[in-house]
Structure formats: C-alpha cells, structure tokens
Amino acid sequence: MVSKELPFTREHILKIMEKYPTPFHIYDEKAIRENARRMKSAFKDVPGFKEFFAVKALPNPFILKLLKEEGFGVDCSSLPELILAEKAGMIGDDIMFSSNDTPAEEFVKAKEMGGYINLDDISHIPYLEKYVGLPEIVCFRYNPGTLKEGNEIIGKPEEAKYGFTQEQMFEGYRILRDKGVKRFGMHTMVASNELNSDYFVETARILFELIVEISKELGIRFEFVNLGGGIGIPYRPEQEPVSLEAVAKGVKEAYDATITANRLAPLKVYLECGRVITGPYGYLISQVRHLKNTYKDYVGLDSCMANLMRPGIYGAYHHITVLGKEKAAPVHKYDVTGSLCENNDKFAIDRMLPKIEIGDVLAIHDTGAHGHAMGFNYNGKLRSAELLLREDGSVVQIRRAETIEDYFATLDFEELKDFR
C-alpha cells in the first residue's frame, strides 16, 4: 500500500483523545517551521524576497504567530483576517490586503494597520480616495486574460472576477501618478494547487515584462511585485512536490533578464502562498462510528463535510491512514462518509483500505490548509477543535470545538416565546 508519513503514532493519538475527543484537526509545528525555513532558503537569492502567508488557508492566530517568528507576513482579504493578523502581532509591511467588492471599513482598517493595499478594480481608486484617502503606496492586481492559462481550480483568468485588464493597469497607474502617489506595487494570482513549477516562472516573466512597459511609459518605479500563490501540494502519495528551488531559480533568472537588464532594480519579490506552507502538516483525526453494508460498503465517521469539505465539493483526493494498520494490506473497498444529510458528504469513494472495524481511528492527510477554514454549520453540524503538536511532542488546543450554545448564540429564544 502506498502510504504517507505521519508525525504521530496510534498510541499518541489515543492519548490525545483522552482529553480532546474526535474529530479534531492537529497541526505539526515542527514540520511547519522547517517548511517555512525551506522556502526562505530556496528564495534567498531572489531580491527582497518575502512570503505573505494566505490567512484564508489556516486562519488561526497561533499559526500566524509562529509564522511571524519565521519572518513571514500575511495576506488578508477581510476585516476578521486583518484582526487575526493584528492579534498575532502583525502590522505594517507584514500585511498584504487583497480583496474584492471591499467595504470601506476594511480599507480603513488596512490603512490604519499600515499594510499594503492591493486594489482589485480600477473603480476602487476613486472609492478608496473618497472613503479612506490614498495611501503612500498602492498596488494593483493584474488579470492577464488570455496571456495566461488558468487551471481547473481557479479557472481561466479571462473568466475570473479578479483584477485589472492590461489596459486598465496603464490607466490606473497613470491616475495614481497624476494624483501624486510615488510608490507602487504589482500583484497577480492566477493559479491554485498548481504542481508545475514552470507555471510560476512564466507568471513572473509576464509581471516583470509588464513592469518594464509601464515604468517606461509612465516614468514611475515599482517597489515590489507580488507573484501570488497557488503552489500546490502532492495530495496523492505518488505525486511529487513542487521544487521551490526550481521556482526560485527560474524567477531569479527572469528577474535578471528583465528587471536588472532594464535598470529597474531593486524590485522586491513577494509570494502569498498558503496551502504549500501548512497544507501537508495538518490531519483530521476521526473515529469510525458505524459500518454500513448495502449496495456498497460504507465507513461512517464521527466527522463530516463541516470538518473537511474539499472532497465533497471538488471531488478532491485526501489520503487516509487507518492508525495501527499502516502496514496492513488494502483489501477492502469503501466509501468513507460523514453524517451530513447530503450524498456528497464523502471523504473517499471506492477507496481501498485495510479491513476496518468500529472504533478504528483514521487520519485524513493534508488538511492543514482549506480544511477547518472552510467549515460550516449546515445541518446544525459543529466545527471541530484545532490542536497543535508542539516540537517537544506536547499538544496544545489552539481552537476549542464549537458547542450547541455557540450555534444558538445568534438566536433570541426569549423573543420567540412571544412571537405570533
């Protein structure tokens, strides 16, 4: 059986379960820190490199705080994400604020925090000026349209709701220049869970070339370029991870050939990855509640789509390990399901696994990004706890499980009594 490694044993998890009942997500601090350092090392020769972790991937202030310690900033797209970053001690140039259909109060908060404001549309220039005032440095999100192929998750750029057209990029920077803005950034985001390293190098070349064109035509200088994120992870055991070293090497070569050659250096280069930073180092731990045998054989877990929705909405693959049976042969075909009243509430379909018994504990891999973060309360389901496996092997709860009281907190049952 092709397997994936785990940072814990069945005995370790059973001990944790004595205090924290399943289901729960658990994150490997040691692996996250080592991976953060690996990225910084890979990009060490890329001028001004900085990674802004995409908060949407794992919006937990404990995770943000440890990434801050590793020298990362954060990419935020809402007021709650900005507040999470602030609580974790991130302000100023640790903040990249990129959002769309943005309310004024969110721009206000981003400016108050001193973060980079990345505008999604040319109409946001007068909106920002009216309600907030133009900040010292402004960035635009570029949508390259047909110049760039999308992928199956994010779609074709020309069909995406995000970003400026190329013509609007020239016009937008001209407007800012004429209004007295002197500091500029550029951004794009055109991929999600992409495993081809060349894709990101090509994106860098497109942005570098556009920066040269705009700089020459408008007589402005760019301070930074944000290449976006979207670097994927190998969800399937047979897949290979993206070589960060290969991406960095290609970006540096493109930088030298375009930015340095046109005397536009120094230009800082940023990324805003989320999934590749924490994704492989999170696990949803769930226990087998029922076994059902009808037209197929079903493993019923004590978790559901409320805890991990990617398989249900995307058909995404997440590897599953039956703890204590890592070396057992995968002799039985199962659908692994949750208790939601939706037929797509399945973590795996026709998955070959060792023979499963009620009470077995399963580890669902690669839930460290877009796992707990995408949870919901449909069917009255409650979101699980989040735990952090510390470097010394101890465990700390970094988010408690939701309770029924939490679920009902926004309802006024007293008012209901007199309702007619």
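Which residues line the second largest cavity? I will come back to that after a word on conventions. This is a predicted model, in which local features need pLDDT of at least 70 and side-chain atom pairs count only at pLDDT 80 or more, while totals for chains, interfaces and linings use all residues. Residues are numbered from 1 along each chain as its sequence is written, and side-chain values use heavy atoms, with hydrogens and water left out.

The second largest cavity is lined by Phe200, Thr203, Leu227, Gly228, Gly229, Ile231, Val247, Val251, Leu271 and Cys273. On a 1 Å grid over the protein atoms alone, a cavity is a set of points where a 1.4 Å probe fits but cannot get out, a pocket is an open set with protein on both sides within 12 Å along at least five of seven lines, and lining residues have an atom within 4 Å of a point. The volume of this cavity, meaning the space filled by probe spheres set on grid points joined across faces, edges and corners, is about 50 Å³. Helix 8 (197-218) and helix 9 (244-260) each supply at least two of its lining residues, helices being DSSP runs of H or I with at least four residues, numbered from the N terminus. Seven lining residues are nonpolar, three are polar and none is charged; here Ala, Val, Leu, Ile, Met, Phe, Trp, Tyr, Cys and Pro count as nonpolar, Asp, Glu, Lys and Arg as charged, and the others, Gly among them, as polar.

Turning to the largest pocket, its volume is about 750 Å³, and of the 33 residues that line this pocket, Lys56, Tyr162, Met189, Ser192 and His370 lie nearest its centre. That lining comprises 13 nonpolar, 12 polar and eight charged residues, and at least three residues come from each of domain 1 (45-272) and domain 2 (280-408), with bounds taken from an automatic or database domain assignment.

Finally, the two domains themselves: the centres of domain 1 and domain 2, taken over C-alpha atoms, are separated by 33 Å, and the contact (heavy atoms within 4.5 Å) takes 13 residues from domain 1 and 14 residues from domain 2. The area buried between them, that is, the accessible area (1.4 Å probe) that two parts lose on being put together, summed over both, is about 1,300 Å², with carbon and sulfur atoms giving 63%. On the domain 1 side, Ala57, Asn60 and Tyr235 supply 39% of the area buried against domain 2, more than any other three residues.
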